[in-house]
Amino acid sequence: MPNLVITIGREPGSGGKLIAEELSKLTGFPIYDKELINEASKESGLSEEFIEKMDEKVSHSTVGGLFGLRNSLMDQVFSSNYLSNESLFKIQSDVIRKIAIEKSVIFVGRCADYVLKNSDNVFNVYITAPKEDRIIRMMERNQLDKQKAKELVEKMDKRRRSYYNYYSNKCWGHANSYHLSIDSSRVGIKESAELIFKIIEEKI
């Protein structure tokens, strides 16, 4: 059988990474999220530190650079960031495709569903949850008060939406980008992983 690839898109604080970890236990598939930085470093020859700094920018300048007002100096700054982000996306995309050929795997985020859109052996999942529940999880995970957790959720929502929509030319979170969407608050973390596993086991 060909390798099976599971991609998990998720709203911040929805527990998507936790579901991926539970799913990894059930399937035996490794998870790639931040681990892609290490692989991208190996493939590109760039240092992990450099790639991580590019990856952790608060907002992707590709979006701001395209829509902001400019002068010649701003153009140079935006152009530099644009090329950096485009290069990083290409490096990560190449790594995702390479790993997907080599083994069965779970990708968390990174537009993996779009990067692998031409592959037949991919099952795309999206994890969502009510905003209030996501804020609570963010409070617990990062030891923040409610206001700061709310601000963090909103900032990350905006960042992920901008990143995904820009590179995929689709709409982040829309049903037609995924095979299955789950409300983790209704279903539960472990139960969500078991549901995904059951569908894969029976249908794929």
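Visitor: What should I know about the model, and what is its average pLDDT?

Guide: This is a predicted model, in which local features need pLDDT of at least 70 and side-chain atom pairs count only at pLDDT 80 or more, while totals for chains, interfaces and linings use all residues. Residues are numbered from 1 along each chain as its sequence is written, and side-chain values use heavy atoms, with hydrogens and water left out. The pLDDT is the predictor's confidence in each residue, from 0 to 100; the protein chain averages 83, and 80% of the residues score at least 70. Over residues 58–83 the pLDDT is below 50, and where pLDDT is low, the predicted coordinates should not be read in detail.

Visitor: In which order do the five strands lie in the sheet?

Guide: Strands of a sheet pair through backbone hydrogen bonds, either parallel or antiparallel. Strands (E, at least two residues) and helices (H or I, at least four) are DSSP runs, numbered from the N terminus, and two strands pair if DSSP finds at least two bridges between them. Here the open sheet has the order 2-3-1-4-5, with parallel pairing. Strand 2 (31–32) and strand 5 (180–183) each have a single partner strand, so one side of each is left without a neighbour in the sheet. Strand 1 (residues 5–10) pairs with strand 4 (residues 122–128) over six bridges, and Thr-7 stands opposite Asn-124 in strand 4.

Visitor: At what angle do helix 7 and helix 8 cross?

Guide: Axes are lines fitted to C-alpha atoms, for helices over the stretch in contact, and angles run from 0 to 180 degrees between N-to-C directions. Angles under 35 degrees count as roughly parallel, over 145 as roughly antiparallel, 65 to 115 as roughly perpendicular and the rest as oblique. The axes of helix 7 (residues 131–142) and helix 8 (residues 146–168) come within 8 Å and cross at roughly 110°, which makes helix 7 roughly perpendicular to helix 8.

Visitor: How far apart are the axes of helix 1 and helix 10?

Guide: Helix 1 (residues 16–27) and helix 10 have axes 8 Å apart and pack at an angle of about 50°, and they are therefore oblique to each other. Contact means heavy atoms within 4.5 Å, and among the residues that make this one are Leu-18 and Leu-23 of helix 1 and Ile-196 and Phe-197 of helix 10.
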